[in-house]
Amino acid sequence: MDLSAIDPLVLAASLMIAATPIMLAGIGELISEKAGVLNLGVEGMMITGAITGFAIAVQTGNPYLGMIAAMAGGAALALIFAVLTQLLLANHVASGLALTLFGLGFSSLLGQPYVGVRPPRTFKLEIPVLSDIPVLGRVLFQHDLIVYISVIVVALVWYFLKYTRAGLILRAVGENHDAAHALGYGVVKVRFLAILFGGATAGLGGAYLSLVRVPQWTEGMTAGAGWIALALVVFASWRPWRVLLGAYLFGGIVVLQLNLQAAGVRVPVEYLAMSPYLITILVLVIISSDRARASLAAPGSLNRIFHASH
Amino acid sequence: MTEHTPLLEIDGVTKAFPGVVANDGVSFSIRAGEVHALLGENGAGKSTLVKMIYGLVRPDAGRMRLHDAAYEPRDPSEARAQGVGMVFQHFSLFDALDVAENIALGMDDPPPQRRLARRIEEVSHDYGLPLDPARLVGDLSAGEQQRVEIIRCLLQNPKLLIMDEPTSVLTPQEVEILFTTLRKLAAEGTAILYISHKLEEIRALCDHATILRGGKVVDTCLPGEKSAREMAEMMVGARLNTPARAETQPGDVLLEVSELSVTPATPFGTKLHDISLQLRAGEVLGVGGVSGNGQDELLAALSGETRLPKSEIVFKGRPIGASGPNARRAMGVLSAPEERLGHAAAPDMTLTENALLSGAVREGLARRGFIAWRKARAFAERIIAAHDVRTPGPEVAARALSGGNLQKFVMGREIQQRPEVLIVNQPTWGVDAQAAAAIRQALLDLSAAGAGVLVISQDLDELMEITDRFAALNAGQLSAPRPTRGLTMEQVGLMLGGAHDMEVAHETA
Amino acid sequence: MMRLEKRPSPSRLWTAATPVLAVVVTMVAGGILFATLGKDPVAAIRLIFWDPLFSEQYASYSRPQLLVKSGPLILIAVGLSFGFRANVWNIGAEGQYIIGALCGTAVALAFYPAPGWYIFPLMVIAGAFGGWAWAMIPAILKTRFRTNEILVSLLLVYVAEKLLAAMALGAMRNPDGGGFPGSRNISRYEPAANTELIANTGLHWGVVTAFIAVIFAYVMLHKHMLGFHVRLAGQAPRAARFAGVRPGALVVFCLGLSGALSGLAGMFEAAGPAGRISIDFAAGYGFTAIIVAFLGRLHPIGILLAGLLMGLTYIGGEIAQLTLGLPAAAIQVFQGMLLFFLLALDLLSNYRVRPGRREMT
């Protein structure tokens, strides 16, 4: 075992990369849950994004076009969920599961020609001046575009929820859909948009996995990232900046675990690979055991079916 | 305040829902500065009518005119833009948002938060309903929550303010504060459409009344010139019988509650403090209080849904605090919660299944856990027959019954099990007058037969009518019970916490 | 624009008809999917739904396979249906299935090569216990700490998969296997083998258990207070508390039952059709069973039929893969679509759809 092979700087830099997919998926799910919709299809939307992004990037040779396609792919899947739950009033849990099961199958069908193909490279965006700062510059400011975008998205979501009227309406719809309806707000419309946003960011997160982090296409490559993103929202108590914090913490665990594997720690690889899931469960337990806070933070109408009778 | 053209004119408005004509050619008008009562039983069509005026529902036929121009609001924001505001019976508020955010949501073009907060303070003070814009709405009392609704409307300078059952959540003193505000508004020229079935209040407040029955306007009157009883009979369209009760001597103590305290499971629930009471055989004990003062928590503690230390509840000398609902039922302590759909009954289940829900133990509907469906159905049929429940049969889903019929079924289900102690919460909430009278009579008969009946209710008139003793539940604390006979409304109001420590700005303003 | 109107009572006709309708719609949509993949849609649908049972070429092999594939699906889905009815969402059956298989196999390997009639019964107990214990993790976390059982049970699937890999490569690896991953073949170790009970039917103990589970579930749900309380808790949780149901106990019961049945399914699979523990032992039955449970309307008889249908798509999918070169994932897509259409059509049993303007969107 050679722990000295682990370079803390590389570790810090790579945790940002490891964190980006779940941060993107998590912030989208946060918006959706704030509007009162628990979408358990994150895993399915992520993997759909992963393959559509990969395929389009390979076809066009442009990774950014791929990422846009991934957002469209994730949103398209989310649209199915929105139609099922908002228009056809189907059970949210079952519909989310259906989305995940379908997404996993659909992506592997779509991905068959792409197994073993190398995607076009994305470029690192070294922020001038800042990236030259010793230590910090290397850790924080020498990443690809999406890493920065993910942070900006979190900031925008925070601003949107806290300071804009549309954000207030979204929170109101999630808190009490009957009251929002009585005041004349379009509950279904707001939720549709929130679900689509969640799908788009989950898709982008998936594409980041297949195009940047790995980068290649393998079946089922999200390996539970979507579920971890769902847990992340609970961890964050539905607050945007905590999604960022949680994602980086989680990214750190993943990267550390991978580094320990590489360094040849005398624990079987499989047990190390379990750790992200186990730690996620542990964190969920700690967060949800705090009775008062957990129930205060969750949107009041989360997971309730809305049907305006008259 | 005498303008000749009406502010709002309703002309032949009709609205049908599947299976029911909610409004059938309704016409009436309201002048500026007038307080106009809309009277009627549940299901008479009051709610549908005001929802049309507020743009939530669109009429099938008929015309509405506002300010002498065609008025066809497509949604509430259009109604608000034309000066129509509404305060809902079930508040359209958001518990986890603060007062200012709640108010901003009810406005179409709210000013920035800081300016809005200042406006809220000003306006709420001017009208004698002070409010702190930064507090979370879920932490406010029911009366204060209503203020939020009212201020939300007032900030938009409405020409017409619709109030749907506004006093059902207020103490008598709070009602007075509200009336002062409404009179002030009317004097400023705002028209108020006031929906209620509390007739004394209408007599005290309203200039005109339109009476609806079965979706039609059946009468109009000047409330000041009619007695409450006359108006009630116009509403019902029949003579009303007051429940009759035989004089009984209270017997032994059946149920004794001592120093019961419960911490709520939900963030906006009410904590119960040191509640003590005694319930005797043959008496009806009333627990009054404004909604949200611990009624649900008290019922859950008495029914066994909330488990307590053993000795906090004693039934005929046996501590039962730690027993669950079925153990208590086996002994003879039964209960009926307030919410019919989802608590007392499962909406999607049949009446037979709902009869089984609480009747399994006492009626022997299951042996070793195996259900005797035939007996369950027979029990359901017995309830239906004994309590005049209008339904095609016991295999109909509970949600298909009207509120009054389902309530008769739910109350009948407990009464038919011959309880020794029956605890009910809001036994006649949202029930038409005749069904309500039948339910009250059934409760009185039960107590006359020797059972102890505990009635938790927000309807003070009901409690005055049927109870022997009255106690007030206020912020989770129960006052000492007093004999009901001879209590005045003012005394009751003070027992209920007066104006709930809310600042009474009218007196200072 | 269409208007939805809630029915006073759920429609019995539509409740029974929607699954059938969903299957038909899925066949059409699946046909379109296959056509876009460049396959003859009619031939593909025929291969999947007809040929496994009735063609001379395949039926002798595939008919027995029907029970082999359907058995675990039915067994798991019956367990899940209790929880789904009570709003307790165990979606980690796949993990419980794996752990059940590991526990059952561990017992077999511990006795190997000793004889003894008691070995197989012990494996059954171990398998059920393993699945039950794995499901108790989300159950206890839910009742103690109110942790969401959906996320925990699902995350534990990944943990179970890693554990499976660790076992197949480590502790349970066949010492005589020349270093290849995977355990001994316990289906060839007679006291531990879950053998075919009637030749060429595919009927093994797991299938028998599945049938027993269907009957048990039917009696429970329709004749017993426990089943009544399960249904009540799902439809009206407050009414269930009023009826004396303790929510925590119900969570433990539902997760425990589905965990035990999933564990049994895994154990029977390991000792029978699969024969051993290997890295790719988990075949997704735990997830497909979710579809089976919904397709069967959470009703035991419905689940029986839905399980057989789903088993058929597995076998038919394999045949289509061999003869038409249809990708394996196409079947997964097909199953996913089935669930979509089912959920979409569900609307018809609870609502009436009428033409006309909607009140206030």
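This is a predicted model: local features need pLDDT of at least 70, side-chain atom pairs count only at pLDDT 80 or more; totals for chains, interfaces and linings use all residues.
Colleague: Where do I start with chain C? How many helices and strands does its secondary structure come to?

Modeller: Start with the elements. Chain C comes to 15 helices and two strands.

Colleague: And its overall dimensions? What does the C-alpha trace span along its principal axes?

Modeller: About 75 × 55 × 35 Å for chain C.

Colleague: What percentage of chain C counts as buried?

Modeller: Of its 361 residues, 58% count as buried. Look at contact separation too. Take the contacts in chain C with a separation of 6 or more: residues 24 or more positions apart account for 78% of them.

Colleague: Now the nonpolar core. Which residues have the most contacts inside the largest one?

Modeller: Leu232(A) and Ile76(C), in a core of 388 residues. Helix 9 of chain A, residues 187-213, gives the largest share of this core, with 16 residues.

Colleague: Next, chain B. How is chain B divided, and how far apart are the C-alpha centres of its domains?

Modeller: Domain 1 covers 8-236 and domain 2 covers 253-495. Their C-alpha centres lie 32 Å apart. The contact takes 16 residues from domain 1 of chain B and 17 residues from domain 2 of chain B.

Colleague: Take Met495(B). Is it buried or exposed?

Modeller: Count the C-beta atoms around the residue. At 20 or more within 10 Å, a residue is buried. Met495(B) has 21 others within 10 Å, so Met495(B) is buried. Its place is in helix 16 of chain B, residues 489-495. Beyond its neighbours within four places in sequence, Met495(B) is in contact with Ala472(B) and Ser479(B). Gly289(B) is 206 residues away along the chain, yet its C-alpha atom is separated from that of Met495(B) by 8.9 Å.

Colleague: How should I read the interfaces between chains?

Modeller: In general, the size of an interface is often given as the accessible area lost when the parts come together. Here, count residues on each side instead. Between chains A and C, the contact takes 46 residues from chain A and 41 residues from chain C. Helices 3, 4, 10 and 12 of chain A each supply at least two residues of the chain A side. By class, that side has 32 nonpolar, 13 polar and one charged residues.

Colleague: And chain C with chain B? Which helix of chain C gives the most?

Modeller: Here, 20 residues of chain C are in contact with 30 residues of chain B. Helix 9 of chain C gives the most to the chain C side, with five residues. By class, the chain C side has eleven nonpolar, four polar and five charged residues.

Methods:
Residues are numbered from 1 along each chain as its sequence is written. Chains are lettered from A and ligands numbered from 1 in the order in which they are written. Helices (H or I, at least four residues) and strands (E, at least two) are DSSP runs, numbered from the N terminus. A residue is buried if 20 or more other C-beta atoms lie within 10 Å of its own, exposed if 12 or fewer, and partly exposed in between; C-beta atoms are placed from the backbone. Two residues are in contact if their C-beta atoms, placed from the backbone, lie within 7 Å. Ala, Val, Leu, Ile, Met, Phe, Trp, Tyr, Cys and Pro count as nonpolar, Asp, Glu, Lys and Arg as charged, and the others, Gly among them, as polar. Domain bounds come from an automatic or database domain assignment. A nonpolar core is a set of buried Ala, Val, Leu, Ile, Met, Phe, Trp, Tyr and Cys residues joined through C-beta atoms within 7 Å.
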